[in-house]
Amino acid sequence: MKRTKKERQRLLTETIEDNPFVTDEQLALQFGVSVQTIRLDRMELSIPELRERIKGVAAQNYENEVKSLPLDEVIGEIIDIELDQRALSIFDVKEEHVFQRNGIARGHHLFAQANSLAVAVINDELALTVKSNVVFVKPVKAGDRVITKAIVRGVNSEKNRTYIEVVSTVNNETVFKGEFEMYRTKGSGDYNEIGN
């Protein structure tokens with residue numbers, strides 16, 4: 001049964017309120033209409049595009065949380081963070097992020113998302129990457145949404161080091177893994193001490 005425009009727009013508004021991170025493509029599939037119809041509906045309803053919605057949520061929630069770098073320097077959009085514990089970001093891969101020849105995302109974008117999230121999760125004014133060990137597991141293409149999670153695994157307070165594990169996924173499949181050793185100006189005793 002086809003919905004009226006009014007009914008579709010009402011449901012569209014509710015859906016976006018429930019999940020501000022839903023894409024126009026996902027909405028088009030859900031409502032059985034074209035992406036262009038979804039975009040027109042959003043414009044009529046004054047609902048910003050996904051990127052602006054994400055920025056709005058991030059600015060509201062995390063502007064005062066992240067200490068180690070300005071939010072606009074994080075690659076991807078932070079959607080959840082608990083300093084010195086964990087952080088989550090999303091990065092939508094666009095045409096400008098991929099090699100023209102094969103449509104595969106350039107590795108430095110995935111690394112930058114992971115590395116900037118590892119910096120952002122540190123509860124300090126200064127956090128620098130000392131060392132990283134990364135693995136590119138699967139290719140990422142234009143149109144993919146990369147969800148990256150950083151988890152603090154331990155600290156060496158004597159050396160002012162924090163150890164962070166980062167995993168990036170696309171559609172729940174791992175595409176990138178990394179271990180980051182981060183320098184911070186001050187240690188913290190809130191987590192597992194690691195002696196080196």
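## A buried aspartate and its surroundings

At 4% relative accessibility, Asp84 counts as buried, because the cut-off for buried is under 20%. Asp84 sits in the loop between β1 (77-82) and β2 (86-92). Its phi is positive, about 60°, although Asp84 is not a glycine. Most residues other than glycine have a negative phi. The model described here is predicted.

**The chain as a whole**

The chain holds five helices and six strands. From the N terminus on, the elements run α-α-α-α-β-β-α-β-β-β-β. The chain has 196 residues, and 43% of them count as buried. Take the contacts in the chain with a separation of 6 or more: 62% of them join residues 24 or more positions apart.

Ser46 belongs to the loop between α3 and α4 (50-62). Is Ser46 buried or exposed? At 64% relative accessibility, Ser46 counts as exposed, because the cut-off for exposed is over 50%.

**Helix packing**

Two packed helices are described by the angle between their axes and the distance between the axes. The table gives these values for two helix pairs.

| Helix pair | Angle | Axis distance |
|---|---|---|
| α1 and α2 | about 135° | 12 Å |
| α2 and α3 | about 105° | 8 Å |

Start with α1 (residues 5-18) and α2 (residues 24-31). At about 135°, α1 and α2 are therefore oblique to each other. The crossing of α1 past α2 is right-handed. Which residues meet there? From α1 come Arg8, Leu11, Leu12, Thr15 and Ile16. From α2 come Leu27, Gln30 and Phe31. By class, this contact of α1 with α2 has five nonpolar residues, two polar and one charged.

Now turn to α2 and α3. With an angle of about 105°, α2 and α3 are therefore roughly perpendicular to each other. On the α2 side, the contact is made by Asp24, Glu25, Leu27, Ala28 and Phe31. On the α3 side, Val35, Ile38, Arg39 and Arg42 take part. The contact of α2 with α3 divides into five nonpolar, no polar and four charged residues. Leu27 and Phe31 of α2 meet α1, and Leu27 and Phe31 are also part of the contact with α3.

**Asp41 in α3**

Helix α3 (residues 35-44) contains Asp41. At 2% relative accessibility, Asp41 counts as buried. What does Asp41 touch, not counting residues up to four places away in sequence? Its partners are Lys5, Arg8, Gln9 and Leu12. Two of these, Arg8 and Leu12, are also among the α1 residues that meet α2.

Asp124 and Lys186 are 62 residues apart along the chain. Their C-alpha atoms are 7.2 Å apart in space. Ile122 and Met182 are 60 residues apart along the chain. Their C-alpha atoms are separated by 8.5 Å.

Methods:
Residues numbered from 1 in each chain as written. Predicted model: local features only at pLDDT ≥ 70, side-chain atom pairs only at ≥ 80, totals over all residues. Heavy atoms only, no water. Axes fitted to C-alpha atoms, helices over the stretch in contact; angles between N-to-C directions. Helix = DSSP H or I, 4+ residues; strand = E, 2+ residues; numbered from the N terminus. Parallel < 35°, antiparallel > 145°, perpendicular 65-115°, else oblique. Left-handed = near helix turned anticlockwise from the far one by under 90°. Contact = heavy atoms within 4.5 Å. Nonpolar A, V, L, I, M, F, W, Y, C, P; charged D, E, K, R; others polar. Buried < 20%, exposed > 50% of the residue type's maximum accessible area, 1.4 Å probe, protein only.
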